[in-house]
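Have a look at the structure first, then read on.

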Amino acid sequence: MVYRRFLCIKDAVACINDKVDLIAVILSISLPQTTRGTDYVCKLKIIDESHPEIPVHVFAQEIDYLPFVAAVGDIIHLSRVVMRIYEGDVYAIFNKRFSSFALYDGKDVENFQPYQVLLRYEARKHDAMIIAGLRKWLASSHVIDEPNFSLLKEINEVGLVNLVCKVLHICKTTDDKWMAFIWDGTDVPPISIYKKPEDEEHNPLPLHFKPLPSSGDVLHTFPTVGTILRLIFDVECMPYILQLLKVRQWFKLFCVECKVHEGLWYGVFTSYSKIQDIPNVDILILERQSNYDCRSLGNLDRMPSWSFPWPSKITEVNCNAPFATLMDVLTCQKVRKKFRCVIRFVAVIPWRVEDFRSSDGVYRVKFTLEDPTARIHAYSYAEDGEKFFNGLSTGGLKRKLNELLGIPNSDDDGQEEIEGSARNPPWVQCCLKSHSIKRRRWIFDTKLVG
């Protein structure tokens, strides 16, 4: 087998069964998979100025010996790869026994130090000149087509999206799957709810798609404005993913599957998805961070973006506190605190208004509230309940409750629900008081408008 020190791709494709050295731009990289034996394999597509893209199959005995490509458009130096042909298609094979590689930033014009190398890799004097030439060619060409990236607020249907998000936390779920909490500072759209309100007592709406971190120290590091999306990893190569992911860093996520569970958005990272590091000076990050900085400082900007220009007037509040999110409520460390929120009432227990009062005549009602940041339970109790229900008659309270829960009605008294219809509760103002030790929230200084 002949070993040819350095060839451009155009010349390498003619050297079938020979060992060659290549320096080229990375167009794509797959997630690792296990072979039929005990090895791992990942597939790259590379290109240079001389030839269209060719595939490279990289085999390794340990997942740590595979290339961890920071970004599409980075440069790889492949040493002693073997050129093969199958059904007329030429590709390169990276042999775990004698091949090696080095990865370089594709944009940094001054840095010629690789950010990952295999132990047996040996640099050469003229490598820097070739890398500089590739960087210049890459900057002036349109080889790398940047896809469109959506904000979380732009998700409008179940399907695949590309996202730029910050990873806030990584943990395992109760069913032993890995999950990341990701965020870009915007609010996901509200989802219609199909569960009947009368089913709440025996089959309640979940507060989370997956639970929040059990550690309060972690929860208190989360931003309180903007949706924090749960991202489930449905892949086999988690050691590889975990080495790429870094908490508090931004990433590009490609082909993430967006789904809905009980009115809650979540994402799934599959074998078709991809992840890519992104520098902190990238315009996509700066735009998202700037938008968040404005929202976190403003008063009205802390309202859900979907409630503008103003919440429904079904409720009135007697509270001049600044607007807060439900994540503000959850992460508040003061023992007692009062909040003014814009939320949706999505569930109630008990369902029948005739059961709102206990046997001693005191209001005891549990509501489920949501905004783009969280779902919580809040209670309407005793005198605060008297104020909230505002002396409405039984019939008036039934109609108002249906309106509050977004139930479309088919009759005049507001009690008969249209079968199988979706609920879309309106955004309303609500004042809450919390007790962090008891971990309970109560509705106060709020009333339903008859």
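The lining of the largest pocket splits into 21 nonpolar, six polar and 11 charged residues (nonpolar being Ala, Val, Leu, Ile, Met, Phe, Trp, Tyr, Cys and Pro; charged Asp, Glu, Lys and Arg; polar the others, Gly among them). Keep in mind that this is a predicted model, where local features need pLDDT of at least 70, side-chain atom pairs count only at pLDDT 80 or more, and totals for chains, interfaces and linings use all residues. Residues are numbered from 1 along each chain as its sequence is written, and side-chain values use heavy atoms, with hydrogens and water left out.

**Largest pocket**
- Its volume is about 940 Å³ (the space filled by probe spheres set on grid points joined across faces, edges and corners).
- A pocket here is an open set of points on a 1 Å grid over the protein atoms alone, with protein on both sides within 12 Å along at least five of seven lines; a cavity is a set where a 1.4 Å probe fits but cannot get out, and lining residues have an atom within 4 Å of a point.
- Of the 38 lining residues, A71, V72, G73, K107 and Q276 lie nearest the pocket's centre.
- Domain 1 (9-141) and domain 2 (152-297) both contribute to this lining, so the pocket sits between them (domain bounds come from an automatic or database domain assignment).

**Cavities**
- The whole structure holds two cavities of 30 Å³ or more.
- The largest cavity, about 320 Å³, is lined by 23 residues, with T227, L264, D371, P372 and A374 nearest its centre.
- Both domain 2 (152-297) and domain 3 (315-412 + 419-448) line the largest cavity, so it lies between them.
- The second largest cavity comes in at about 40 Å³, and its lining includes D187, R295, M303 and P372.

**D187**
- D187 counts as buried because its relative accessibility is 2% (buried is under 20% relative accessible area, exposed over 50%, partly exposed in between, with a 1.4 Å probe and protein chains only).
- Leaving aside neighbours within four places in sequence, D187 contacts residues including K153, R295, M303 and W306 (contact means heavy atoms within 4.5 Å).

**Nonpolar cores**
- The largest nonpolar core has 60 residues, and I46 and I241 have the most contacts inside it (a core is a set of buried Ala, Val, Leu, Ile, Met, Phe, Trp, Tyr and Cys residues joined through side-chain atoms within 4.5 Å).
- Domains 1 and 2 both give residues to this core, so it lies between them.
- A second, separate core of 56 residues includes F345, W351, V365 and I407.
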